[in-house]
Amino acid sequence: MADFSQEQRNAWKRRHFLGAAAGVATVGAASGLLPQVARSQPRKITLAWSQASFCQVPVPIALERGFFTQNGLDVEVLNWGGAADQLLEALATGKAEVGVGLIHRWIKPLEAGLDVKIVGSVHGGCLRLVGVKSAGVTTDLRTLKGKVIGVSDLNSPAKQFYGIHLAKKGVDIDKDIEWRVFPADLLDVAVKKGEIHAIADGDPNLYLIEKRNPGVFAELGNSATGEYAEKICCVLGAGAKFVREDRKSAAAVVRALAQASNYVAENPNESAKIFARYTPKFEVSDLQRLIAELTYKHHPHGGRLQDEVQAFAADFREAGILKKSTDPVRFAHHITQDVLS
């Protein structure tokens, strides 16, 4: 399991800058989640996130536009490069109080009983599935029968998510499809070699692959459209012990990230410029286009969050990703926590 030294923690610490008071007030009013009166001494917490995931842009926005500070928090961020189950274990053991990740990666480890609660969310869908036109893979998911889909790992969010869709179309995701793993930035090389016939991944990687290979791919699925357009994607998790002992601070994190998500929705171009400092290999113009396409206005908490987790659990059980014995209603009730009520 990953461990954090004091040197590592200091290396990733970010100082916070207050946004213009008018901007903060506007976003707070729009979200209905105005900040609480800040404590005389801000609560120090550690938040783990993936700097490589552009969809998690509300994290640096909350830092640099002052939403964490406005909610009485002094947040230290850790750029998490480990596996999802390791992140969840870090939350369960208190090595970080909160963390952001994709619900599709978290569902299975949380079924195993890690002491973590999903307390909030950041945005709606960011996963896509594209087929190789020359391989006969069109916009119909059933054309994938007997084909090979390239993924970055066998527990990738896109693999799990599109496993749901294929199962709903009557495709056996274990027998009718072969899933083959390649490094994310080499998936298009595998296409050129004829080793895969489709790619399930997230942006910006898939966007850049399409940009390098114009006209090669047909889009088969996009989690920002259709039935999942208004459902969670990236969620906020917290150690259950942290929630029990300091519910007020857990609520402050949920509130700050909701305000930051609203800011991103209303200011995608400025948000892209801020995030580009964290991922300099991506052009600002590409980030602006991608951020504008996501549903940052969708970040439910409380009962609606629980309902959406329940829906995902039911889908994952139906696709064979969760155990048949797992009750989606009980499971969702157990792993979610309303900290704002």
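Trainee: Is G146 buried or exposed in this predicted model?
Mentor: Start with its place: G146 lies in the loop between β5 (127-132) and β6 (148-151). Its relative accessibility is 63%. The cut-off for exposed is over 50%. Therefore G146 counts as exposed.

Trainee: How many Å apart in space are G146 and K175, C-alpha to C-alpha?
Mentor: In sequence, G146 and K175 are 29 residues apart. In space, their C-alpha to C-alpha distance is 8.5 Å.

Trainee: Is Y207 buried or exposed?
Mentor: Y207 sits in helix α9. Its relative accessibility is 13%. Buried means under 20%. So Y207 counts as buried.

Trainee: Which residues is Y207 in contact with, leaving aside its neighbours within four places in sequence?
Mentor: One of them is L290, 83 residues away in sequence. The C-alpha atoms of Y207 and L290 are 8.3 Å apart.

Trainee: What is the direction of α9 relative to α13: parallel, perpendicular or oblique?
Mentor: Two packed helices are described by the angle between their axes and the distance between the axes. Here α9 (residues 205-212) and α13 (residues 284-293) have axes 11 Å apart, at an angle of about 120°. Roughly perpendicular covers 65 to 115 degrees, and roughly antiparallel starts over 145. That angle therefore makes α9, relative to α13, oblique.

Trainee: Is the crossing of α9 and α13 left-handed or right-handed, and how many charged residues are in the contact?
Mentor: α9 passes α13 in a right-handed crossing. Y207, L208 and K211 of α9 meet D286, R289 and L290 of α13. By class, the contact has three nonpolar residues, no polar ones, and a charged count of three.

Trainee: Which are the edge strands of the open sheet?
Mentor: The sheet has five strands with mixed pairing, in the order β2-β1-β3-β10-β4. An edge strand pairs on one side only. Here the edge strands are β2 (73-79) and β4 (116-121).

Trainee: What angle does the direction of helix α6 make with that of β3?
Mentor: Helix α6 (residues 103-111) packs on the sheet. This helix touches β3, β4 and β10 (234-239). With the direction of β3, its direction makes about 110°.

Definitions and conventions
Residues numbered from 1 in each chain as written. Predicted model: local features only at pLDDT ≥ 70, side-chain atom pairs only at ≥ 80, totals over all residues. Heavy atoms only, no water. Axes fitted to C-alpha atoms, helices over the stretch in contact; angles between N-to-C directions. Helix = DSSP H or I, 4+ residues; strand = E, 2+ residues; numbered from the N terminus. Parallel < 35°, antiparallel > 145°, perpendicular 65-115°, else oblique. Left-handed = near helix turned anticlockwise from the far one by under 90°. Contact = heavy atoms within 4.5 Å. Nonpolar A, V, L, I, M, F, W, Y, C, P; charged D, E, K, R; others polar. Buried < 20%, exposed > 50% of the residue type's maximum accessible area, 1.4 Å probe, protein only. Pairing = 2+ DSSP bridges.
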